[in-house]
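Reader: Got a two-chain model open here. Can you walk me through it, quick questions and quick answers?

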Amino acid sequence: MSLKKGRSKTATALLLLGAAYCLLPVLWVLIASSKSSGELFSTFTLAPSTHLFDNLADLSGYRDGLYWRWMANTALYAGVGAAASTLISAMAGFALAKFDFPGKSAVFNVILAGVLVPGVLLAIPQYLLLAKVGMTNTYWAVLLPSFISPYGIYLARIFAAASVPTEILEASRIDGAGDWRTFGTVVLPMMRTGLVTVFLFQFVAVWNNFMLPYIMLGDDRLYPITVGLNGLLNQGANQPAMYTAVVTGALVSIIPLIALFLTLQRYWQVDLAAGGVKA
Amino acid sequence: MTPSASTTARRPVGRRAGTPYAFLAPAMILFVAFLAAPIVYAAYLSLRKVKVSGLGLGAKSRTEIWAGLDNYARSLTDPDFLPSVGRIGLYGLIVVPTMLGLALLFALLLDANRTRESVGKFARISIFLPYAVPAVVGSLLWGFLYLPRVSPITDLFEAVGITAPELLSRDLTLWAVANIAVWGGTGFNMIVIYTALRAVPLSLYESARIDGASEVAIAWRIKIPIVTPSLIMTFVFSLIATLQVFAEPMTLRPLANTISTTWTPLMKVYRDAFTRNDLYAAAATSVIIALATFILSFGFLKLVGRRAFNQED
């Protein structure tokens, strides 16, 4: 019995150690953003100070609130991109799960291969092709590539197969509902839980993306937060006073996603292999 | 627009042939435009080069011609390429096993603690939290923590009277970047594995315990085999992510002069394309990285017998 208790203590200790490792940088940025630029490099790492609001004011004042524009851009890219991608994935997943048609397995295999294509390798040819039609350095250059998610389609197909009974589709058809109406009023609500997961996956992927917007955008008023902070950090190399703005900006930038995580925790029970969501 | 509005009420129960294609159309159009076309275009560019005639002045003196495999030869013999491949190989060998090993360990610990919710819940959320932090921000935070003037590690070493190691020195940079990837990726993989474990009814473990199996034996004989498909998937996704590491070293560059512009293969692609304006070399290198990724991930899936990616449910 005491052996078992000892093991359980070790398990708890290991878990807390892992938690401490993961929280350390977050804790640091929380403390560091309260320091003035002089204190950042001189006082003890984990000693808080009193300049948080000054730093926030400085950050907001940087080039007429450019930072907040980056945040708004990021919300736009991630929100619109994930919403469109979820709807498109749901439609494709539904077709692949619930219809028989010539070419079905070919389409599915192509999409599976797409899951394994390393996304950022596409960024440069995507840039060149969009440059040919004059769309680089616009919101569309970042939005359009985020609309397609092979993994989202793969997941949506599994959700549709698991959660939409064929009899209900037949019943809806006998009632005279068209396929699109059936999709909107019957299929989408039934797939809801799974689609939230697809949405969250894509939302986080777009929110965290760096290379695609870094390549596509030249105008810093279109930047998402990742590219903007990278630019600020590069300026810091010449003006160390910028570092407090970078640190405070880093803190503010992670608050929305962390809040989203904590509120939507139950949707993050993801089984990659089976594609299921245990909610 | 509702395509079915005008059709007769006595439609046969079978669906009209066009419907699935209509549902698939947006996905397929975007797939072709943003996945297939860029791949084909990159492959095409990788076989082209610019021929300069005369003095290279005037619009007509520069023409694009077929280059055969010249660009590939150039890429493979570029003095910056092989070191970046070697670096990424070592980086992958550090990151993937460490990250998945920790993810599996934490998932098993959480699962063994299933009844003791409070500690488990706190640890689960904390370890998952870095997934909400973009790689750029994560690199930025760790980058500052690596600076000797900021780092608590330096304070720790000085407290016991040892000179602290330079975390962003030539020898340690690779480990510093690897740590950021492990920090950022462990939680997500842990959740994936933990979800697979939760699907197993507790009664299965109870009967194993009654048969006298120890917790470690249960983990090895029952739990790990159950999560093997999840481990395969997380391995493949981690492999793909490793080969395209870009944001972390790009963000650390202003803080560490040990990171060159060709530190990883993808950084070399970026430099060739945008600093040197040599799209052809960039395309050839992209194709090489894509092929390597495909060979590694498909080879691995073949090796394990495609137990992941179930075709039919």
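Reader: At what angle do helix α4 and helix α7 of chain A pack?

Author: About 35°, with the axes 8 Å apart. Helix α4(A) is residues 66-98 and helix α7(A) is residues 139-146. Axes here are lines fitted to C-alpha atoms, for helices over the stretch in contact, and angles run from 0 to 180 degrees between N-to-C directions.

Reader: Which residues make that contact?

Author: From α4(A), A:Tyr77, A:Val80, A:Gly81 and A:Ser85. From α7(A), A:Val142, A:Leu143 and A:Ser146. Two residues are in contact if their C-beta atoms, placed from the backbone, lie within 7 Å.

Reader: What is the split by class?

Author: The contact has 4 nonpolar, 3 polar and no charged residues. Ala, Val, Leu, Ile, Met, Phe, Trp, Tyr, Cys and Pro count as nonpolar, Asp, Glu, Lys and Arg as charged, and the others, Gly among them, as polar.

Reader: Some ground rules, please. Where does the model come from, and how is it numbered?

Author: It is a predicted model: local features need pLDDT of at least 70, side-chain atom pairs count only at pLDDT 80 or more, and totals for chains, interfaces and linings use all residues. Residues are numbered from 1 along each chain as its sequence is written, while chains are lettered from A and ligands numbered from 1 in the order in which they are written.

Reader: And what counts as a helix or a strand?

Author: DSSP runs, numbered from the N terminus: helices are H or I with at least four residues, strands are E with at least two.

Reader: Chain B next. How many helices and strands?

Author: Chain B has 12 helices and 2 strands. The order from the N terminus is α-β-β-α-α-α-α-α-α-α-α-α-α-α.

Reader: In what sense do the two strands pair?

Author: Antiparallel, over 5 bridges between β1(B), residues 48-52, and β2(B). Two strands pair if DSSP finds at least two bridges between them. B:Lys49 has B:Ile65 of β2(B) as its bridge partner.

Reader: What share of chain B is buried?

Author: 43% of its 313 residues. Also, among contacts in chain B with a separation of 6 or more, 69% join residues 24 or more positions apart.

Reader: What does UniProt annotate on chain B?

Author: An unreviewed entry gives "transmembrane region" for residues 21-44, 88-110, 122-147, 174-197, 226-247 and 279-301. Positions are in the numbering used here, feature names are shortened, and annotations may be inferred rather than shown by experiment.

Reader: How helical are 21-44 and 122-147 of chain B?

Author: Residues 21-44 of chain B are 100% helix, with end C-alpha atoms 29 Å apart. Residues 122-147 of chain B are 73% helix and 0% strand, and the ends also lie 29 Å apart.

Reader: Back to chain A. Where is A:Met190, and what is it in contact with?

Author: A:Met190 is in helix α10(A), residues 179-190. Leaving aside neighbours within four places in sequence, A:Met190 is in contact with A:Ser163 and A:Val164. A:Val164 is 26 residues away in sequence, but 6.3 Å away C-alpha to C-alpha. With 17 C-beta neighbours inside 10 Å, A:Met190 counts as partly exposed.

Reader: Last one. Which phi does A:Arg63 have?

Author: Positive, about 45°, although A:Arg63 is not a glycine. Most residues other than glycine have a negative phi. A:Arg63 lies in the loop between α3, residues 52-61, and α4 of chain A. A:Asp64 is found in that loop too, with a positive phi of about 55°.

Note on methods
A residue is buried if 20 or more other C-beta atoms lie within 10 Å of its own, exposed if 12 or fewer, and partly exposed in between; C-beta atoms are placed from the backbone.
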